[in-house]
Amino acid sequence: MNKETLHVIDHPLVQHKIALLRDKNAGSKDFRELVNEITVFVAYEATRDLPLEEVTIETPITTCKQKMITGRKMAVVPILRAGLGMVEGILSLSPAAKVGHIGMYRDEETLEPHEYFFKMPSDIEERQVFVVDPMLATGGSAILAVEALMKRGVKAKDIKFLCIVSAPDGVEALQKAYPEIHIYTAALDEKLNENGYIVPGLGDAGDRLFGTL
């Protein structure tokens, strides 16, 4: 596991919210709110290296030099459907970001992901892309999402993967496939079980977000 491209956001507030999120008794409303709140912390760290330029600002008192974000525009790409729960958290930090969507479903026997939907901003290859999914389990969906983006002209170096909870298996699989992609997660859990679920994990994030248990 490459620690240089793995970023675990272990802020005390994040740890507290993760504990609440794991609770099986948390309803869909609370679960959605917690995912949104945790995403803000994860996205805050993932955008730490955005390029800046110096500009002159006129305050009510005087003028001064300040720094503002420059360079590439951003795009948020949720992996459907659970990734939708992380979109608003990122848009609260960067309202001008465009949003694309990748639809994936998992074969329950093989655990392999399959793409069924792909819709992106027309200039996606010119943007810094944040692929989001609450869970990084086997890594299959994340890898397939990156492959789909790269087929459309996005370079791996311009992609970051953001999640809430990850398993070592998924982290290692994504790092092996794309060593240059940085992974941002709020929790690195113990393992996967025989059904491909993260332990201790959150259960099925999509079901818990949308109340389809």
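# Strands, rings and a helix face in a predicted model

User: How are the planes of the aromatic pair Y105 and Y116 arranged: stacked, edge-to-face or tilted?

Analyst: The structure holds one aromatic pair. Y105 and Y116 form it, with 6.5 Å from centre to centre and 40° between the planes. Planes under 30 degrees apart count as stacked and those over 60 as edge-to-face, so an angle of 40° makes this pair tilted.

User: How many residues apart in the chain are the two members of that pair?

Analyst: Y105 belongs to strand β6 (residues 101-106), while Y116 belongs to strand β7 (residues 113-119). The pair therefore links distant parts of the chain, and the separation between its two members is 11 residues.

User: How far is Y116 from L80 in space, C-alpha to C-alpha?

Analyst: Beyond its neighbours up to four places away in sequence, Y116 touches L80, G103, M104 and Y105. Y116 and L80 are 36 residues apart in sequence, and their C-alpha to C-alpha distance in space is 9.8 Å.

User: Is Q128 buried or exposed?

Analyst: Q128 lies in strand β8, and, leaving aside residues up to four places away in sequence, it touches R72, K73, M74, A75, D158, I159 and K160. Its relative accessibility is 13%, and because the limit for the covered class is under 20%, Q128 counts as buried.

User: Which residues of β8 point the other way from Q128, F130 and V132?

Analyst: In a regular strand the side chains alternate between the two faces of the sheet. Strand β8 (residues 128-132) is mostly covered, with five of its five residues buried. Q128, F130 and V132 point one way, and the residues that point the other way, also buried, are V129 and V131.

User: What is the bridge partner of C163 in β11?

Analyst: At 0% relative accessibility, C163 counts as buried, whereas C64, at 25%, counts as partly exposed. A search of the whole structure finds zero disulfides. Strands β10 and β11 run parallel and are joined by six bridges, and the bridge partner of C163 in β11 is T185.

User: Which residue of β11 stands opposite L6?

Analyst: Five of the seven residues of β11 are buried, so this strand is largely enclosed by the rest of the structure. Three bridges join β11 to β1, and these two strands run parallel. Opposite L6, the residue in β11 is I183.

User: Within what arc do the buried residues of helix α5 fall, seen down its axis?

Analyst: The buried residues of α5 (residues 168-177) are P168, G170, V171, L174 and Q175. Seen down the axis, they line one face of the helix, because the arc they fall within is 165°.

User: Which helix is among the elements that the buried residues of α5 pack against?

Analyst: The buried residues of α5 pack against several strands, including β1 (6-8), β10 (159-166) and β11 (182-188). Also among their partners, spanning residues 140-151, is helix α4.

Key: Residues are numbered from 1 along each chain as its sequence is written. This is a predicted model: local features need pLDDT of at least 70, side-chain atom pairs count only at pLDDT 80 or more; totals for chains, interfaces and linings use all residues. Side-chain values use heavy atoms; hydrogens and water are left out. Rings of Phe, Tyr and Trp (its six-membered ring) pair if their centres lie within 6.5 Å; planes under 30 degrees apart count as stacked, over 60 as edge-to-face and the rest as tilted. Helices (H or I, at least four residues) and strands (E, at least two) are DSSP runs, numbered from the N terminus. Buried means under 20% relative accessible area, exposed over 50%, partly exposed in between (1.4 Å probe, protein chains only). The arc is that of the directions from the helix axis to the C-beta atoms. Contact means heavy atoms within 4.5 Å. A disulfide is a pair of cysteine sulfur atoms within 2.5 Å. Two strands pair if DSSP finds at least two bridges between them.
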